[in-house]
Amino acid sequence: MQDQDKLDCNQAAEMLDAFHDMELEMADVERVEAHLADCPACRRELEAIAKVVASLKALPEVPTRDFADAIEARILSQSPAAISPSDSHSEVQPEVVTAPVTGQSRPALSLVSNKDNVRSITTAPRRSRLLAVAAAAVLLVGVLAMSALAPKSPSEIASVPVAPVSDIQTASSSGSSEKSISPLSEDVVALYDEEGGNNVSDVGISTNEDGLYAIKM
Amino acid sequence: MEPTDEELVEKFRATADMGIFKILVRRYQSRIFAIALRTLGNNEEAEEAVQETFVKVHQNLPKYRKNALFSSWLFRIAYNQCMDTLRMKQRRLDHQTIAFDPQSAAGEDASSEGRDTVFQLAASTPDPAQTMDMREQFEIVQESLNQLPESQKVVLILHDMQDFSYQEISEIVGTSIGTVRSRLHYGRLKLKELLAPYFSDSSSLNSPLTAR
């Protein structure tokens with residue numbers, strides 16, 4: 001072995017672990033062996049490595065139980081669909097949820113996730129605002145003409161879905177609990193009356209998923 | 001001849017038969033449990049790690065590619081699971097450190113109360129006095145191992161206790177062989193320092209520690 005191939009103790013120390021583990025390349029094995037032959041300190045170092053490794057290997061094997069059934073139960077509980085046989089390699093197909101399309105009228109606002117309804121969520125407020133403005137205008141006209149003319153129910157305007165009346169509407173309809181179904185009816189007028197004809201701005205009309213209803217500002 | 005892991009994986013993909021998946025579980029659960037228990041030092045956490053590992057294996061089987069050994073892929077998931085558990089544990093501890101006093105390691109220390117430790121699960125021998133000595137030794141080694149940085153500890157567990165090669169460890173841990181080699185070197189160096197007071201000149205490789 002030539003001099004330049006000889007290892008000093010620092011170089012040898014870095015290789016001793018891999019030497020012990022038989023993970024060194026053959027050329028390096030020979031260099032380490034040559035060094036060890038002349039170096040008692042590195043031989044002691046190698047012995048120390050062997051002791052450390054032996055102390056780890058001496059740790060007892062730990063008993064374990066069979067987890068197979070518990071794992072199966074956990075998998076089944078988490079994704080029962082994933083267990084069904086598949087002809088391709090993808091076990092879990094993305095679940096496509098399609099909302100049923102029916103002839104029934106949908107609420108103006110609804111928090112459902114299909115594309116059709118997303119469109120209705122974005123367009124419904126605009127339509128509702130128009131309806132609200134129209135209803136408010138008619139309400140004003142109706143209130144002003146109330147003493148002389150027969151009341152004209154704004155429910156004709158708000159002919160969209162029937163919905164429960166709001167709390168305010170119910171509370172303001174003193175003792176008329178039987179009238180609490182129509183979203184916008186004479187109740188609004190009654191509320192307006194109670195609040196006083198000159199406080200028009202204190203009563204408004206708003207919308208929710210059930211349609212139009214009166215609110216106290 | 002027993003089917004290979006890869007053959008079982010293919011069969012499971014085709015049939016979704018959980019019986020096949022359970023063969024894979026039974027093939028590797030003991031080894032993963034041993035690694036998890038040594039790494040985490042807690043029976044409950046190790047059991048949880050084993051189960052979560054296989055749940056993740058099941059979830060990710062469609063992503064498994066045959067150019068890697070199934071076992072390497074599986075052990076990598078197990079390793080990541082153990083590291084996740086350690087990180088969560090570390091957060092819970094909130095920078096608290098548990099001081100290790102080797103002189104009191106033989107007793108039931110506070111950190112092991114109310115849970116099964118690796119020592120409580122260790123093999124017993126008929127002679128109570130001998131059992132005590134062995135338990136002391138095991139505890140000292142395990143507690144010293146626990147003193148190492150996680151990266152070094154895991155490499156020592158995988159190599160010195162589970163006999164993985166440098167190449168396999170580099171795949172499991174996701175690092176280079178050079179880093180594996182370096183972590184082993186420094187991990188053993190540190191462990192040697194920690195165990196030095198317990199080594200005697202006359203101790204043999206088979207009984208590295210002597211009774212105090």
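Colleague: Which residues touch the most other members in the largest nonpolar core?

Modeller: In this predicted model, the largest nonpolar core has 61 residues, and those that touch the most other members are Phe33(B), Ala36(B), Val50(B), Ala78(B), Val155(B), Leu158(B) and Ile169(B).

Colleague: And which element gives the most to this core?

Modeller: That is helix 2 of chain B, which gives 10 residues to the core.

Colleague: What is Val50(B) in contact with, leaving aside its neighbours within four places in sequence?

Modeller: Val50(B) is in contact with Gln29(B), Ile32(B), Phe33(B) and Ala36(B), and also with Phe67(A) from the other chain.

Colleague: How do helix 2 and helix 3 of chain B cross?

Modeller: The axes of helix 2 (residues 18-40) and helix 3 (residues 43-60) of chain B come within 8 Å and cross at roughly 140 degrees, so the two helices are oblique to each other, and helix 2 of chain B passes helix 3 of chain B in a right-handed crossing.

Colleague: What classes of residue make up that contact?

Modeller: The contact of these two helices has 11 nonpolar, 4 polar and 1 charged residues; among them are Phe21(B), Val25(B) and Leu40(B) from helix 2 of chain B, and Ala46(B), Thr53(B) and His58(B) from helix 3 of chain B.

Colleague: Switching to the two chains, how many residues does each give to the contact?

Modeller: Chain A gives 38 residues and chain B gives 43 residues.

Colleague: Which helix of chain A gives the most there?

Modeller: Helix 3 of chain A gives the most to the side that touches chain B, with 10 residues, and by class that side of chain A has 20 nonpolar, 7 polar and 11 charged residues.

Conventions
Residues numbered from 1 in each chain as written. Chains lettered and ligands numbered in written order. Predicted model: local features only at pLDDT ≥ 70, side-chain atom pairs only at ≥ 80, totals over all residues. Contact = placed C-beta atoms within 7 Å. Helix = DSSP H or I, 4+ residues; strand = E, 2+ residues; numbered from the N terminus. Nonpolar A, V, L, I, M, F, W, Y, C, P; charged D, E, K, R; others polar. Axes fitted to C-alpha atoms, helices over the stretch in contact; angles between N-to-C directions. Parallel < 35°, antiparallel > 145°, perpendicular 65-115°, else oblique. Left-handed = near helix turned anticlockwise from the far one by under 90°. Core = buried A, V, L, I, M, F, W, Y, C linked by C-beta atoms within 7 Å. Buried ≥ 20, exposed ≤ 12 C-beta atoms within 10 Å, placed from the backbone.
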